[in-house]
Amino acid sequence: MSSQETLETLSTSDGADLAGLKTNMNVDYVIQYNIPSDRAEAEAGFIQLIEALTKVGLASEVRHGDGSSLLVFVKVASNQYLASQIYRERVQDWLYSVRTSAPEKDVAKAFENEPVTEAERLRLVYLLITKPKNEGGAGITPNVGLWKQVTSIFPLHDQSFNTSWIKTWSKKSFLDEEDLDHMRNKFGESVAFYFAFLQSYFAFQIFPAAFGFGAWLVLGRYSWLYAFATSLWSVVFFEWWKKKEVDLAVQWGVRNVSRIQHARTKFQWDHEAPDPVTGELVKHYPPMKRLQTQLLQVPFAFACVLVLGALYMFCFSIEIFLTQVYDGPFKSYLTFTPTIILSGILPILTTVLTKFADVLTERENYPTNDTHLSAFIRKIFIINFITSYTPLLISAFIYMPFGNLMIPYFQIFTTTAGKFYTEGSIATQEFRINPDRLKSQMVYSAVTAQLVNVALEFVVPYLKRVASKKVEEVQAKRNGESVQSVQDAPEEHKFLERVRDEAKLDVYDVAVDYREMVVQFGYLSLFSSIWPLTPVAFLINNWVELRSDAMKIAMGSQRPIPWRADSIGPWLNSLGFLSWAGSLTSSAIVYLFSGDSEGPGGDPSKVDVVGLLVTVLFAEHLYLGTQFIVRYVLDQIDSPGLQKERKERFTTRKCLLEETLGPDAMSAAVPPSPRTGEKITLAALEEEARKLSVGGGGTPEQMFWLRQQGMDETIAIGRKLISQAKPPKS
């Protein structure tokens, strides 16, 4: 069977044909091309696009888009060419130790033993479209340079798979390995790793949820036992997941795939120099230049703390004044002022800081996409940490211990309000610390914020799409036009309408979902001792989250590019940091408030600073010791993935020995026996004596080994020497 025939009959790992391509007119990718107002420019850009695709072996068809754009449908013109590209990638994987053994030299047999998945095919086609020309690709990068009119490149959803997928998951409480394999084969390892992480996180939350419910019933808030159990849980989960993701990477055949980096289009190299290993010219950017830019991350972090911290402190002060001091008219309405300020200003500040983080990452000028993304995610984590946890940190460590010191500053707000109030003085009430403030904030973060997030993530985009479609219909009626003025071929109309709808969807970004789960993990690790039912709320939320994220991919966004990954990336470091920070924060909160929900009650003199510092220091050392023990125990436990890797390496060594030394190289050795050895020894000695007799004598070294002929004579002489030996002195 030829490689072309093999590829055409390839099936996915679950035994189904590549049905997604068949239901999508055998289309691999759709390229959306915006038509500029200058017709000459539009035609030149379009011709350049089609020529670039054709040069790398991609066939194309063009259809109408939404009126101001074209849809270019792309597929591989030659399956034999695609087979060669896939085979080359598998060989590259072997060279970079992603695979433990080289693929079969017979291409057809290689594809029979290891069929091509839909994700593998789509990834290779995407690389053909986007890779630089000097690496064999078309070099098409959306919205950049020559390709500024190319707004998106996306694969099409497999509608039948999506329907079956959502229906199956809606009936399951837990996902199994087969579900994750389906995800991997359709959407790539990057998305599959997210769902594997979310499923593991959900399963692990059963323990803190059950323990938290018991603590809520029996122990109450600020329990030392609950805080210790939560910290232990976070260590075990973090260390277990580090082992689990290695296991998954081995099972999915992507371990060490992060070593294979894709060049970043916007990388600005400084000079070219020969690689010391390969001798090839490699583009370089001086590390010291990058380091100088990276050092700007320190003032960036301080700027985030100052700007966002100042905003939170300002709104916090207004909130305390309006809810606990002010007692004048319109109080019930004025209490919403801080929320309005935060809702209006916080998104703007977050957007500005995120844009600055993006610019800073661009200036750091990383050569590959993965390193660039990792650097950007680290900066985003700083912003998310501040925006998510600052309100609780302020309440726990400023408001509750030092609240009474804030009373003089409330006079500023009273004086300011008095200037706008002409009917006498502003009515106020005595300020008292609200002991339930921390709990109220935690309930909001664990319940209300999670519900709002689900609505913003899934419901709001759906309503926006429906509203946008209605607006288009109304505008078309006003202009006397039909909603669909393009005349499609009848057999293509339904398909093209679906493609036009998918072109309007948002691009799926798995980093957004990771961010949400990591932030939630931080709430649980840092603050759940305030309200022990926090993990119960998160457990329920994450059951919904698993299915809503699946629906978001299937219905609310374009099909993601099936990138490979061997871990959850920089988010793993974020989990480790939050787990460690949780041991410090939770111990400090429990120390301040255990036994008395009001804690210091706003009086800093009640805070035992030395005791607090000793408690935090002890908690940190206890955390580090526990982490060492958990890591050691988990290292002793074997896993299916590592067993598979050892088996593959053994098979590779066995084949190499057989090829080098013959088929008997790995056969069992004959058990040694005196008679077997005697035969070998006598034969060798007789041959040596024969050579010496023919040669007429020998050297002293040669004669040394001819005085005793065989094992029996050596034993006899040895016994004689023993009998002649003098007995040892007593």
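A salt bridge is taken here as a side-chain nitrogen of Lys or Arg within 4 Å of a carboxyl oxygen of Asp or Glu. In this predicted model, aspartate 513 and lysine 552 form such a pair, with their closest N and O atoms 2.6 Å apart.

The protein chain has 730 residues, of which 42% are buried. It contains 26 helices and six strands. Of the contacts between residues at least 6 apart in sequence, 77% join residues at least 24 apart. The accessible surface of the chain is about 39,100 Å², and carbon and sulfur atoms account for 61% of that area.

The largest nonpolar core comprises 93 residues, and Trp165, Phe193, Phe195 and Phe527 have the most contacts inside it. Helix α8 (residues 177-204) contributes the most to this core, with 12 residues. Apart from this core lies another, of 33 residues, which includes Val76, Ala83, Tyr87 and Val125. When neighbours within four places in sequence are left aside, tryptophan 165 is in contact with Met183, Phe187, Ala550, Ile553 and Ala554.

Helix α6 (residues 118-130) has 13 residues and spans 18 Å from its first C-alpha to its last, close to the 18 Å expected at 1.5 Å a residue. Because 13 of its 13 residues are buried, helix α6 is largely enclosed by the rest of the structure.

Arginine 121 meets aspartate 28 in one of them, at 2.9 Å from N to O. This pair links distant parts of the chain, 93 residues apart: aspartate 28 is in the loop between α2 (19-23) and β1 (29-34), and arginine 121 is in helix α6. With a cut-off of under 20% relative accessible area, aspartate 28 counts as buried at 1%, and arginine 121 likewise at 9%. Glutamate 120 forms a salt bridge with arginine 90, their closest N and O atoms being 3.0 Å apart. Glutamate 120 is in helix α6 and arginine 90 in helix α4 (residues 79-95), so this pair ties together parts 30 residues apart in sequence. Glutamate 120 and arginine 90 are both buried. A network of salt bridges links Glu89, Asp93, Arg123 and Arg564.

Note on methods: Residues are numbered from 1 along each chain as its sequence is written. This is a predicted model: local features need pLDDT of at least 70, side-chain atom pairs count only at pLDDT 80 or more; totals for chains, interfaces and linings use all residues. Side-chain values use heavy atoms; hydrogens and water are left out. Helices (H or I, at least four residues) and strands (E, at least two) are DSSP runs, numbered from the N terminus. Buried means under 20% relative accessible area, exposed over 50%, partly exposed in between (1.4 Å probe, protein chains only). Contact means heavy atoms within 4.5 Å. Accessible areas come from the Shrake-Rupley method with a 1.4 Å probe; for residues, only the protein chains shown count as cover. A nonpolar core is a set of buried Ala, Val, Leu, Ile, Met, Phe, Trp, Tyr and Cys residues joined through side-chain atoms within 4.5 Å. The expected span of a helix is 1.5 Å times one less than its number of residues.
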